[in-house]
Amino acid sequence: MAGICCGVVGEGDTPAPLEPTPRPSRRRSLDILPLKYIADMPMPPPEALRKRPKLNLRDCDNAIENCDESTGHKVTKKESKVDYDDDVVSETKNVTVSEVEEESPKFGVTSVCGRRRDMEDSVSVRPCFTQGFHYFGVFDGHGCSHVATMCKERLHEIVNEEIESARENLEWKLTMENGFARMDDEVHRRSQSNQTFTCRCELQTPHCDAVGSTAVVAVVTPDKIVVSNCGDSRAVLCRNGVAIPLSSDHKPDRPDELLRVQSKGGRVIYWDGPRVLGVLAMSRAIGDNYLKPYVISEPEVMVTERTEEDECLILASDGLWDVVSNETACGVVRMCLKAQKPPGSPGSDVAADGSDRACSDASILLTKLALARHSSDNVSVVVVDLRRDQRQSSNYNDVN
Amino acid sequence: MLCKQDLETPTIKAMLNTYHASKLSSNQCGSSLVQTIDAPLPLVWSLIRRFEYPQGYKLFVKKCNLLDGDGGIGSVREVMITSGLPAGVSVERLDKLDDDKHVLKFSIIGGDHRLVNYSSTITLHEEEEEYGGKTVAIESYAVDVPAGSSGDDTCSFANTIIACNLRSLAKITEEKVCKVNQIKL
């Protein structure tokens, strides 16, 4: 539902105003656009007022998911309280829970069809999905939407199970690799069965062999950011104004990927760009069983320590990154975060579900920028606020 | 040119000479692919001959509209291709449909992709077996080599698509046979 609303906004809003103007003016207006947007924030124009209800629809979707998670979280908290009287360990546990609760990061999500006919992207946001860890995922499907949809619905559950089974010996690389392998296996098993999908595959099982999805997933813990990537979506960290890529696109002509495909007996053919066997424009994906063993589902996992300089994390599909550089994206988000009112002040736009006006504005602005630059794909953007001073603000908020 | 030499029985050899010995012009390439299917020929043919419904066995087809004709010779179809592939639409004309000799021939006459002057011939051949019939499907094609590409790359791309479709055809028809046999039990 939210996707449809955003699709309407994306398709109807951006192209029309820009088409009449010649290219130089267009570029100039693009440069002006971010500043103008931010300048308008204190007194939103009627257009923005009209858009707000649609944004609320998406917030409602997030709120529903967040309520479920919150309920689970509260149960956990109660258990901690019960244990509190026993010993010091419980006390420590209780403190940890409180800290985690305060650190639940603010985020914003936009996912639009754009200029493509079908929407095949999916986004999954699971605050506090386990042990005070937070999960963000972007999945860009191809061939059809059901693999990306399965990833949205199941991958966080699978990762949760892997984390639980790792217990004290949590090794992130192995945990995430196992999670992705299980997700790929689940996709494969489902395509082999006669189970129906709620999409237009027309129930012909062989079609499912040729459906797949990218998967870029970030698990944010109190002290680490764990990014696992498979395909050509991307995660970028903005630290002290510098754009730091936390993933590397799996393009078939990336030298090590080219060698890996060839070593398996496959070929990379330039057919509208580099493609595995001339067919698929990425070298790793969930699904796409017909291209195994050349196209694999093994993620590249990067574990990054969090620092005080961390500002934001951006996860997005290639509908954004094909037309917007890492540096530009970070610059846009930084401006939106700086324009944000301090949390706790009157008129603060922090929503109960953890989504945030500044982060939402940033994700919307990035999406509009991608469409304005004629991205020809679905665009999905997740913006996560990683700033640590939220904690102090949150404490201040609690006092109120 | 033929992928599997061991399948050349006298009958198949005659069919190859008749239908699959297309002459390539200087800037063209072509190839033939063979798929053995453990299903009766009439069943396999019933899927191949439906020119207006390629998604009955082909992968990568999102939708198909007939632009001209009713599925017989001369019909033109517009095939919408699924996302992720280097093509959006393929416009194709049915050139030959022989229900007695089980021969289908079509050409790609338009669309947005890099296959120019593409023509393809599909023939089915029956192989007698002790337990029920087997079918041998042969598809051969010729196509221009696009500027900037090599014949080798062009054939590699086309072979990948055709091989996927022939494997899909085998999978679907063999599954149908399994279902029928289960009902009989």
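Arg267(A) and Asp153(B) reach across to each other with their side chains and form a salt bridge, 2.4 Å from N to O. Side chains of opposite charge can pair when their charged atoms come close. The model is predicted. In it, the count between chain A and chain B is 4 salt bridges.

Stay at this interface. Polar contacts join 5 residue pairs across chain A and chain B, with both residues at pLDDT 80 or more. On the chain A side, two elements each supply at least two residues: α8 (205–208) and β9 (268–270). Of these, α8(A) gives the most, with 3 residues. The contact as a whole draws 27 residues from chain A and 31 residues from chain B. About 2400 Å² is buried between the two chains. Carbon and sulfur atoms give 52% of that area.

Now turn to the fold of chain A. Here 5 strands make an open sheet. Read across it and the order is β1-β14-β13-β7-β8, with antiparallel pairing. Which strands of chain A stand at the edges? They are β1 (107–112) and β8 (242–245). Each has a single partner strand, so one side of each is left without a neighbour in the sheet. Neighbouring strands are turned by 15° against each other on average, direction ignored.

β1(A) pairs with β14(A), residues 379–385, in the antiparallel sense over 6 bridges.

Helix α11(A), residues 326–338, touches β7 (234–239), β8, β13 (310–316) and β14 of chain A. Its direction makes about 125° with that of β13(A). Helix α12(A), residues 357–372, touches β1, β13 and β14 of chain A. The direction of α12(A) makes about 30° with that of β1(A).

Finally, return to charge pairs. The structure holds 29 salt bridges over all chains. One lies within chain A, where the side chains of Arg116(A) and Asp377(A) meet at 2.6 Å, N to O. What does this pair tie together? Arg116(A) sits in the loop between β1 and β2 (121–130) of chain A. Asp377(A) sits in the loop between α12 and β14 of chain A. The pair therefore links parts that are 261 residues apart in sequence.

Key. Residues numbered from 1 in each chain as written. Chains lettered and ligands numbered in written order. Predicted model: local features only at pLDDT ≥ 70, side-chain atom pairs only at ≥ 80, totals over all residues. Heavy atoms only, no water. Contact = heavy atoms within 4.5 Å. Buried area = accessible area lost by both parts, 1.4 Å probe. Polar contact = N/O pair within 3.5 Å; in protein donor to acceptor, adjacent residues only side chain to side chain. Helix = DSSP H or I, 4+ residues; strand = E, 2+ residues; numbered from the N terminus. Pairing = 2+ DSSP bridges. Axes fitted to C-alpha atoms, helices over the stretch in contact; angles between N-to-C directions.
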